[in-house]
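Here is a short report on one protein model. Please look through the sequence and the coordinates before reading on.

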Amino acid sequence: MAAAAAAAAEQSSNGPVKKSMREKAVERRNVNKEHNSNFKAGYIPIDEDRLHKTGLRGRKGNLAICVIILLFILAVINLIITLVIWSVIRIGPNGCDSMEFHESGLLRFKQVSDMGVIHPLYKSTVGGRRNENLVITGNNQPIVFQQGTTKLSVEKNKTSITSDIGMQFFDPRTQNILFSTDYETHEFHLPSGVKSLNVQKASTERITSNATSDLNIKVDGRAIVRGNEGVFIMGKTIEFHMGGNMELKAENSIILNGTVMVSTTRLPSSSSGDQLGAGEWVRYKLCMCADGTLFKVQVTGQNMGCQVSDHPCGNTH
C-alpha cells in the first residue's frame, strides 16, 4: 500500500508513469481473467411470470388457427365457384363465348343453354332472333311460364293456362282481341278452330251454340247443373244419355214443355205382379199434368193409373 501510495504521489507530482510492455501485458491478462470468471456481472434476477408475453398463446392461438382454416375453406369454395362459372359461361381471351351483354340491358345467348328456372325483371321480354324460331325444350318436364297468379304450362299432351284475374289474347299487329275472359266487356266465344272447351267448373248466365251446330255437354263422371233462379234448357231437340241415374230437383216445379220420350230399356221392371204386395219393391209412376207439371204416384196395384186424390194438377191432369 505504501508503494502504491508512493507511486500515486510520484504520478501526481511528476505526471503519468510510463509502464513497460511487459507490465501492460500482465495487467491486460489479469483483467481478462477476472472478466471471464465473473458470470454474475450485469445479472438481475427477474420473475418470468411478470414479464409481458408477446405472440398468440392459449385461446387466442386456437382462435387464430380456426380463422386460418375458415379462410382456407372459403378460398377453396371460391375457387370451385370460379371454375364452374368459367366452364359454364365459357370465358376466354376473346370474352364470353356463350352470351353477350348489351348496354340496352339485352342479354343474348349465342349457344344452346341449359337452365332450370329463369326470373325475368319487371316488364321483361323473352324472344328470339329475327327470322329464327325460339326453341324451348323441357327434358321430360313441362315448360311453365308464370307471372303472379297467371301460369302457362306446356306439356306433352296438353297446354293449360290458369289465372285468377283473367286472360286476353290479341293480335300484336292489328290489336284485335282474339279471345278474352272479360265477360263484362266481351261475350265469351271460343276461338276460331277450337271445337271443345274442357273445364271442371263454370259459372255463367247462359250457354249457347251456333244456329247450325249442336251443343254437346259430355262428362266422364257426374254432371251437376244448378241455377240460383232456375235452370232453363231450350232447343229443337234435347237428349240426355247417361250410364247411371238422372236426378231432377226443384223447389217449386219441373216443367217439360214439348214431346217427352223415355227409353225404358234400362228401367227396372218386375216379371210378375206378385212382388208388389210383398214389400220387396217400392215403385212409382211418373205422371204429367196438362200444363207440363210432373208428379209421382206410388204403385200399389196392377194397372194403376194417375187418378189420385192428392195430385197437383187441379181439375184436369
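How far apart do the end C-alpha atoms of residues 63–89 lie, and how much of the span is helix or strand? The end C-alpha atoms lie 38 Å apart, and the span is 100% helix and 0% strand. The UniProt record, an unreviewed entry, places the feature "transmembrane region" at residues 63–89. Such annotations may be inferred rather than shown by experiment, and feature names are shortened.

The model is predicted: local features need pLDDT of at least 70, side-chain atom pairs count only at pLDDT 80 or more, and totals for chains, interfaces and linings use all residues. Residues are numbered from 1 along each chain as its sequence is written, and side-chain values use heavy atoms, with hydrogens and water left out.

## Overall picture

The protein has three helices and eleven strands. Helices (H or I, at least four residues) and strands (E, at least two) are DSSP runs, numbered from the N terminus. The order from the N terminus is α-α-α-β-β-β-β-β-β-β-β-β-β-β.

The protein has 317 residues, and 6% of them count as buried. Buried means under 20% relative accessible area, exposed over 50%, and partly exposed in between (1.4 Å probe, protein chains only).

A contact means heavy atoms within 4.5 Å. Among contacts in the protein with a separation of 6 or more, 11% come from residues 24 or more positions apart.

## A three-strand sheet

Strands β5, β6 and β7 form an open sheet in the order β5-β6-β7, with antiparallel pairing. β5 and β7 (159–162) are the edge strands; each has a single partner strand, so one side of each is left without a neighbour in the sheet. On average, neighbouring strands of this sheet are turned by 5° against each other, direction ignored. Axes for such angles are lines fitted to C-alpha atoms.

Two strands pair if DSSP finds at least two bridges between them. β6 (residues 150–154) and β7 pair in the antiparallel sense over four bridges. K151 stands opposite T162 in β7.

## Residues one by one

| Residue | Relative accessibility | Class |
|---|---|---|
| K110 | 37% | partly exposed |
| E247 | 53% | exposed |
| K249 | 72% | exposed |
| L286 | 60% | exposed |

Where does K110 lie? K110 sits in the loop between β4 (107–109) and β5 (143–147). Leaving aside residues up to four places away in sequence, K110 touches C96, D97, S98, M99, E100 and R129. S98 is twelve residues from K110 along the chain, and their C-alpha atoms are separated by 5.1 Å.

L286 belongs to strand β10 (residues 284–288). Which residues does L286 touch, not counting those up to four places away in sequence? L286 touches L294 and F295. The C-alpha atoms of L286 and V297 are separated by 6.6 Å, with the two residues eleven apart along the chain.

One salt bridge is present in the structure. The term means a side-chain nitrogen of Lys or Arg within 4 Å of a carboxyl oxygen of Asp or Glu. The partners are E247 and K249, with the closest N and O atoms 3.0 Å apart.

Note on methods. Axes are lines fitted to C-alpha atoms, for helices over the stretch in contact, and angles run from 0 to 180 degrees between N-to-C directions.
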